[in-house]
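Here is a friendly walk through one protein model, with an eye on its aromatic rings. Please have the viewer open as you read.

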Amino acid sequence: MAALISSSNDTSNVSASKESTYENAIKLIRLLDRDIFYNPTTKQLSESSATDSFCAPSIMPDTLGSGHFRQSHHVRYAYMAGAMANGIASENLVISLVSSGMLASFGAAGLSLPRIEQAIDRLQQHLPNDSFAINLIHSPNEQHHERDTVSLFLRKNIRLIEASAYLDITPHLVSYRLKGISRNQLGQVVPRNRVIGKVSRTEVATRFMSPAPERMVNELLQQGEISPTEAELAKYLPIADDVTVEADSGGHTDNRPALTLFPSMLTLRDQLQVKYGYTIPIRVGLGGGISTPLSAAAAFAMGADFLVTGSVNQACVESGSSDLVRGMLADATQADVIMAPAADMFEMGVKVQVLKRGTMFPMRAQKLYELYKSYPEWQAIPSAERVQLEKTVFRKTFEEVWADTKNFFATRDPQQITKAEQNPKHLMALVFRWYLGQSSRWANSGDADRKIDYQIWCGPAMGAFNEWVRGTELQDFQNRKAAIVARNLLYGAALEQRKAHLRALGFPTDQIIDRGPWPDDLINQFFS
C-alpha cells in the first residue's frame, strides 16, 4: 500500500494514513459519474485537476457497449437476459429486467402454443411491444411446431425474437424475418421484424450474418408466404440484426472458450460487412460465462456490443424455476456441470450442459441414449435393463409412458405418432425423450419426489457467481433478484474499466481490492 502514501517522517500515524489513503482511493474510483485525476509524482488521486495530473474520465454503466444496440432496442443498458427454455426465463423475469432498462427474452422453447400466447399477452399488457424478445428455438424434429410458433409471433405482432440452437437457417425463420421488410424515407431497407441469433460456430454465424438464401426466398415467394417486394429486398439485410456469441454456457452449448471464439466472430462480422455492405452493421454480443464484474468487463474490453447472461438468472427469485432448484444452483461450483443428451435433438446426439451435483439425470439420460443407439426397438433391449428402467427411471411401464407421449403429440404434432407406429425405433426415441422432457418440468415445478431426476441447465458461470458472492447477502438465493444481479455486474464492469484507465496511467490498481457485490445504496445512484 506504500505506493499510495505520500512520504512522511511521522511513523506513528503510518497505519492510519495507509487506511485513510486506501479508503479515499476506493471512494474516488467509485465516483463513476465524474472525472478523477492521478498525479504520478505524488501518487495520489484527486477530484480536481492539477499540474502533471492525468484524467481518468467518467464511465457509467449506461455507456458500456454499443450505443446503437441500446437505441435500437429502446434499453438503457447493453445487457440482455437470454431465454431459458420451459419458461425459466419467465414473464416475471422479463418484466423485471425490461422495467430496469435492460433487454430480456422469454423462454418459449418447450412450451405449448397456448402457453406461449398466454405469456405474450401478459408481456404486451405490461411492456411496450418491441421492448422484449421471445425465444424461437430450432426444432428439426418438430418443424410443424416451429412453423406454428412463427405464425403465432406474426399474428401477435412480436417484433423481436431470439433464435437459438439453429444448425441451419429454416424457411420459418426467413419468413418471420422478411415479413414487412420495406424501404424508409431515406431509401434504406429496414426490417419490421428483428432477430437476435445465438451462435457458437462460425459456419452457423455466417448464415445469420448473411442475407436469406436466394433459393429459400424464391420458394417462400412461390408459396405466397412473402410478397414480391419482400423477396426483392431480402438481399439487402442479414438474417440477424444482432448475434450473440455463445461461449461455454448452460443448455445448448459447444463449450467454446470465449477468448478464442469471440474474436473469430468479430473478424467474421467485419468480413461479411465488407462483402454485403450493410447500411447498419451487425452488432455482436457475448454470452456464456458472464457472471462476475471481471468477466463482464472482459467482454466489453474485447469489443462486445452487449452482454448476455443466463445461468445466474435461473437462480434469481423471478425465474420460472423452483426454490429447490434455486437452492441447488446456489450451492454449485464451477466443476459441478456436465454434458447430457438434449430432449429436443435426442436422436441427433446433441447435448446440453446441466448441473450434475445432487441429481442422477445426466447419467440416466446418457444411458437412454446409449440404449437408443444400440437397439432397434424397446423389445430388443435385454429384459433386466427394461425392468430397471421402468422401475427406477420411468417409474411407469413403457406402455404407460407411450400413452402419455401419444396424448402430448396428439395436439402438438400428430405426425410423430404416425411415424412412431410405423417405426419402433422412433417410438422408443419418443418414450426416452419423455423422460428428458419431464425431468426439466419436475425441476421447474419443484417435485420433491423427483429431485434425483432434475434436469437443470447450468454452465460454469453459476459456480463463478457463487464464489463471487460468498459471504454476502447474495449468497442466499432468496436475495437474488435479476435486476440487482444485473446492476452489480454492470456497475462492476464500469468500475473495472475505470481501474484499467488508471492502470494505464501508472496507478497501482492491484492494491485496490474492491470487487463487490456492492450495497444497493451505493450502486443504485448510478441506475436512477
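The report below starts with the overall fold and then turns to the rings.

## About the model

This is a predicted model, in which local features need pLDDT of at least 70 and side-chain atom pairs count only at pLDDT 80 or more, while totals for chains, interfaces and linings use all residues. Residues are numbered from 1 along each chain as its sequence is written, and side-chain values use heavy atoms, with hydrogens and water left out.

## Overall fold

The chain has 21 helices and 16 strands; these are DSSP runs numbered from the N terminus, with helices being H or I of at least four residues and strands E of at least two. Its radius of gyration is 26 Å, close to the 24 Å that the globule rule gives for 528 residues, so the chain is as compact as a globular protein of that length. That radius is taken over C-alpha atoms, and the rule is 2.2 Å times the number of residues to the power 0.38. The C-alpha trace spans about 90 × 60 × 40 Å along its principal axes.

Of the 528 residues, 54% count as buried (under 20% relative accessible area, with exposed over 50% and partly exposed in between; 1.4 Å probe, protein chains only). Among contacts (heavy atoms within 4.5 Å) between residues at least 6 apart in sequence, 69% join residues at least 24 apart.

## Aromatic pairs

The whole structure holds 23 aromatic pairs. Rings of Phe, Tyr and Trp (its six-membered ring) pair if their centres lie within 6.5 Å; planes under 30 degrees apart count as stacked, over 60 as edge-to-face and the rest as tilted. Tyr77 and Phe527 form a tilted pair, because their centres are 5.2 Å apart and their planes stand at 45°. Tyr77 lies in the loop between helix 2 (67–72) and strand 4 (79–81) and Phe527 in the segment after helix 21 (520–523), so this pair ties together parts that are 450 residues apart in sequence. Tyr77 is buried at 1% relative accessible area, and Phe527 is buried at 10%.

Phe408 and Phe409 have ring centres 5.0 Å apart and planes at 80°, so they are edge-to-face. Phe408 is partly exposed at 36%, whereas Phe409 is buried at 5%.

## A ring cluster and two charges

Ring pairs also link a cluster, with Phe346, Tyr372, Trp378 and Trp442 among its members. The charged end of Lys425 sits over the ring of Tyr372, 4.4 Å from its centre. Likewise, the charged end of Arg183 sits over the ring of Tyr236, at 5.2 Å from the centre. Here, sitting over a ring asks for NZ of Lys or CZ of Arg within 6 Å of the ring centre and within 35 degrees of the ring normal.
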